[in-house]
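Please load the model in a viewer and keep the sequence panel open beside it. The tour below goes from one selection to the next.

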Amino acid sequence: MRPRRRHVLPLWLLLCSGMTEAIEPISTSIAVGMAAALTGFLASYQNIFYYFHECCRPEWISFNRTGLQTDLESKLFGQHVASRIILKAVNGFMSNDNPKKPLVLSLHGWTGTGKNFVSTLIAENIYKEGMDSNFVHVFTSELHFPHASQIDTYKSQLQQWIKGNVTNCARSMFIFDEMDKMHPGLIDSIKPYLDYYDKLDGVSYRKAIFIFLSNAGGENIIQTTLDFWRAGRDRDEIELKDLETSLSLSVFNNKKSGLWHTSLIDKNLVDFFVPFLPLEYRHVVQCVMSGMADRGHQPDQDVADQVARDLVYFPKSERVFAVKGCKTIESKLDYYI
């Protein structure tokens, strides 16, 4: 039997919003009586309430470092550079009770290389509800900011949305997808929230996480990876230093990118530019095998090879990298299994 709404609302206010601190005693005797009554009531019901209602509390928000490390090692293929950066960055940030600024990650790479997937892994290892958490917010450029003529309205709405959600929960996560399709200048509207401020209008943003996803810079990443391949060098030799400077510059100077000449880069507010390498045949096979296991099937090497062979690869003469990476694997499994 569900609690009636008139009982749930006061309980939610007491448990989730910290409003118990705002109760002012009329007299000492009344305060003692109220405290005793509340103690008994909360002791009986708070565990049940926490179980059913997501709150901005450790019961619902708690970083699982081991879980993230295991997920990155066993579910993300061909991305040794990204895996290392993500684990160190998120672990360092979540282990710091008093960060100086929000964590800002900018993930770049070709289609199907794992950018959205990594965002999901991060959310799943911080929030009990994962991507379904009320504290994880996803913005897609073409859906939420479609019209260039309304950019000033979007700026205001975006500022209000972020301020409202961080006010509600300091440990909020914001994911901006399709940054390469965002109108230049729009993302600068949130620059103050990413900077080194203790508080802005009474709100601290220092415990929030901002993740930008973009295909911009993908050409540079592909060229570097292809150069290693043509030189006979293992892609595992690629390090962040081989990509980071050229990546940040190409993104900053890309007029078609939402990060074009942005103050977020100019003022060094992006903590890490994370490159996602193009995927080879062997990585596609790994994706297929993992997909079969996720569906409860015994991984079949022959099926995985068949799926991987049917994909399109580039450059045409060498067929090294999958054009769509692992993006279409799930839908193809419906046909092959």
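Is Cys169 buried or exposed? Select Cys169 in this predicted model: its relative accessibility is 1%, and since buried means under 20%, Cys169 counts as buried.

**First stop: the disulfides**

The link of Cys56 and Cys169 is right-handed, with 70° about the S-S bond. Cys56 sits in the loop between helix H2 (28–52) and helix H3 (65–75), and Cys169 in the loop between helix H7 (151–168) and strand S3 (173–177), so the pair ties together parts that are 113 residues apart in sequence. Cys56 has a relative accessible area of 28% and is partly exposed.

The count of disulfides comes to 2. For the other bond, select Cys287 and Cys326, whose sulfur atoms are 2.0 Å apart. The link of Cys287 and Cys326 is right-handed as well, with 85° about the S-S bond. Cys287 and Cys326 are both buried.

**Second stop: the largest pocket**

Stay at Cys326 and show the pocket surface. The largest pocket has a volume of about 740 Å³. Its lining has 29 residues, and the closest to the pocket centre are Gly112, Gly114, Phe117, Cys326 and Lys327. Colour helix H5 (115–124), strand S4 (209–214), H12 and H14, the elements that give two or more residues to the lining. Which of them gives the most? H5 does, with 6 residues. Coloured by class, the lining of the largest pocket shows 9 nonpolar, 10 polar and 10 charged residues.

Select Tyr281 and Tyr313: their ring centres are 6.3 Å apart and their planes at 35°, so the pair is tilted. Tyr281 is in helix H12 and Tyr313 in strand S6 (residues 313–314), and the pair links distant parts of the chain, 32 residues apart. Tyr281 counts as partly exposed, at 30% relative accessibility, whereas Tyr313 counts as buried, at 5%.

Next, select Phe139, Phe145, Tyr154, Phe176 and Phe212, which form one aromatic cluster.

Two lysines come next. The charged end of Lys128 is placed over the ring of Trp60, 4.6 Å from the ring centre. Lys101 lies over the face of Tyr196, and here the distance to the ring centre is 6.0 Å.

**Last stop: the backbone**

Select Phe314 and Pro315, which are joined by a cis peptide bond with omega of about -10°. Pro315 is in the loop between S6 and S7.

Then go to Glu178, in the loop between S3 and helix H8 (191–194). Glu178 is not a glycine, yet its phi is positive, about 60°. The relative accessible area of Glu178 is 18%, and Glu178 is buried.

Finish at Asp201, in the loop between H8 and S4. What is the phi of Asp201? It is near 50°, a positive value in a residue other than glycine. Asp201 is exposed, with a relative accessible area of 71%.

Methods
Residues are numbered from 1 along each chain as its sequence is written. This is a predicted model: local features need pLDDT of at least 70, side-chain atom pairs count only at pLDDT 80 or more; totals for chains, interfaces and linings use all residues. Side-chain values use heavy atoms; hydrogens and water are left out. A disulfide is a pair of cysteine sulfur atoms within 2.5 Å. Helices (H or I, at least four residues) and strands (E, at least two) are DSSP runs, numbered from the N terminus. Buried means under 20% relative accessible area, exposed over 50%, partly exposed in between (1.4 Å probe, protein chains only). On a 1 Å grid over the protein atoms alone, a cavity is a set of points where a 1.4 Å probe fits but cannot get out, and a pocket is an open set with protein on both sides within 12 Å along at least five of seven lines; lining residues have an atom within 4 Å of a point. Grid points are joined across faces, edges and corners, and a volume is the space filled by probe spheres set on the points. Ala, Val, Leu, Ile, Met, Phe, Trp, Tyr, Cys and Pro count as nonpolar, Asp, Glu, Lys and Arg as charged, and the others, Gly among them, as polar. Rings of Phe, Tyr and Trp (its six-membered ring) pair if their centres lie within 6.5 Å; planes under 30 degrees apart count as stacked, over 60 as edge-to-face and the rest as tilted. A charge sits over a ring if NZ of Lys or CZ of Arg is within 6 Å of the ring centre and within 35 degrees of the ring normal.
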